[in-house]
Protein chains: 2
Amino acid sequence: MPTAPVRALEHPARGEIRLEGVLHALSDPTRLQIVRFLWRLDEAEGAPCSAIDLVVTKSTTTHHFRVLREAGVINQVYRGTAKMNALRRRDLDALFPGLLDTVLSADAIQCERDDREG
Amino acid sequence: MPTAPVRALEHPARGEIRLEGVLHALSDPTRLQIVRFLWRLDEAEGAPCSAIDLVVTKSTTTHHFRVLREAGVINQVYRGTAKMNALRRRDLDALFPGLLDTVLSADAIQCERDDREG
DNA sequence: GTCAAACTACGATTACCTTCGTACAATCGA
DNA sequence: TCGATTGTACGAAGGTAATCGTAGTTTGAC
């Protein structure tokens with residue numbers, strides 16, 4: 001009988017994901033940057049935390065990834081010393097159709113505007 | 001020469017509205033309830049703060065309306081003793097197409113689900 | 001076994017957010 | 001003018017959040 005994996009991570013089930021929580025998770029610039037980054041990846045693949053260049057320290061980075069995971073926005077899985085992160089696209093699209101796409105498209109528009117205006 | 005209206009209210013210009021601020025404003029259940037209510041109204045008309053039944057006190061209500069105004073989500077205008085509130089649909093749609101509709105539709109889905117599951 | 005890499009845990013700090021109560025201000029109608 | 005209606009200002013309490021530094025754990029590679 002195999003023992004449970006030592007380093008499991010708590011994720012909310014699909015039905016436990018709350019809109020307010022998702023919106024709050026996305027309302028932080030650093031977290032929005034993370035989500036923007038993950039959005040471009042294949043969901044199955046994911047990326048380690050270290051793949052993104054954030055302006056905060058490592059422990060703050062850990063904090064933001066956890067907020068995203070606990071809100072149900074991302075899925076985190078250990079692979080060796082790394083922790084692979086991927087968006088929970090399927091769950092979010094099933095719960096709140098179009099939300100993720102619309103927010104990220106709005107974010108893209110704002111980024112473009114910010115670039116243009118310096 | 002007419003003097004400026006005594007009771008003017010500060011609103012962010014369209015270009016000053018930030019996605020993070022909007023998402024944060026929408027991430028509170030009480031404020032989401034306000035926005036849900038205003039969504040059903042004609043933008044030109046609006047409704048006074050007292051038109052909505054919130055479970056918080058008057059001063060807390062004032063606070064939430066101000067957060068929404070300062071984030072650029074609603075427009076507030078004095079009319080007599082009342083303050084009329086309306087969504088800034090046009091501005092939000094121009095800045096972040098589909099965002100408001102998608103969030104409110106997600107909210108409607110969640111409300112329905114909550115009702116079903118008690 | 002050792003070491004480096006990737007990430008976590010914990011405590012501290014600083015700041016913000018939600019909520020309230022009380023007292024006040026502006027407007028309208030009688 | 002007086003009172004009722006609407007909403008504001010202010011201060012305070014209590015909770016939550018973002019950030020950091022330091023010290024640790026887990027894993028894979030040599």
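Predicted model: local features only at pLDDT ≥ 70, side-chain atom pairs only at ≥ 80, totals over all residues.
Residues are numbered from 1 along each chain as its sequence is written, and chains are lettered from A in the order in which they are written. Local features need pLDDT of at least 70, side-chain atom pairs count only at pLDDT 80 or more, totals for chains, interfaces and linings use all residues, and side-chain values use heavy atoms, without hydrogens and water.

**Chain A**

An unreviewed UniProt entry annotates residues 11–107 of chain A as "domain: HTH arsR-type"; such annotations may be inferred rather than shown by experiment. Over residues 11–107, chain A is 51% helix and 14% strand. Helices (H or I, at least four residues) and strands (E, at least two) are DSSP runs, numbered from the N terminus. The end C-alpha atoms of this stretch are 25 Å apart.

**The interface**

Contact, meaning heavy atoms within 4.5 Å, links 24 residues of chain A with 24 residues of chain B. The other totals for this pair of chains are tabulated here.

| Item, chain A and chain B | Value |
|---|---|
| Buried area | about 2,100 Å² |
| Share of buried area on carbon and sulfur atoms | 62% |
| Salt bridges | 2 |
| Residue pairs in polar contact (both at pLDDT 80 or more) | 10 |

Helix 1 (19–26), helix 2 (29–39) and helix 5 (99–116) of chain A each supply at least two residues of the side that touches chain B. Helix 5 of chain A gives the largest share of that side, 9 residues.

Buried area is the accessible area (1.4 Å probe) that two parts lose on being put together, summed over both. A salt bridge is a side-chain nitrogen of Lys or Arg within 4 Å of a carboxyl oxygen of Asp or Glu. A polar contact is a pair of N or O atoms within 3.5 Å; within protein, one must be able to donate a hydrogen and the other to accept it, and residues adjacent in sequence count only if both atoms are side-chain atoms. Arg18(A) and Asp114(B) form a salt bridge through their side chains, at 2.9 Å from N to O.

**Two residues of chain B**

Leu38(B) belongs to helix 2 (residues 29–39) of chain B. Leu38(B) counts as buried because its relative accessibility is 3%, buried being under 20% relative accessible area (1.4 Å probe, protein chains only). Beyond four places in sequence, its contacts include Ala47(B), Ile74(B) and Asn85(B).

Lys83(B) lies in strand 3 (residues 82–87) of chain B. Lys83(B) is buried and has no salt bridge; Glu70(B), the nearest side chain of opposite charge, is 9.5 Å away. Among the residues that Lys83(B) touches, leaving out those up to four places away in sequence, are Leu9(B), Ala47(B) and Tyr78(B).

Conventions. Buried < 20%, exposed > 50% of the residue type's maximum accessible area, 1.4 Å probe, protein only. Lys, Arg positive; Asp, Glu negative; His and termini not counted.
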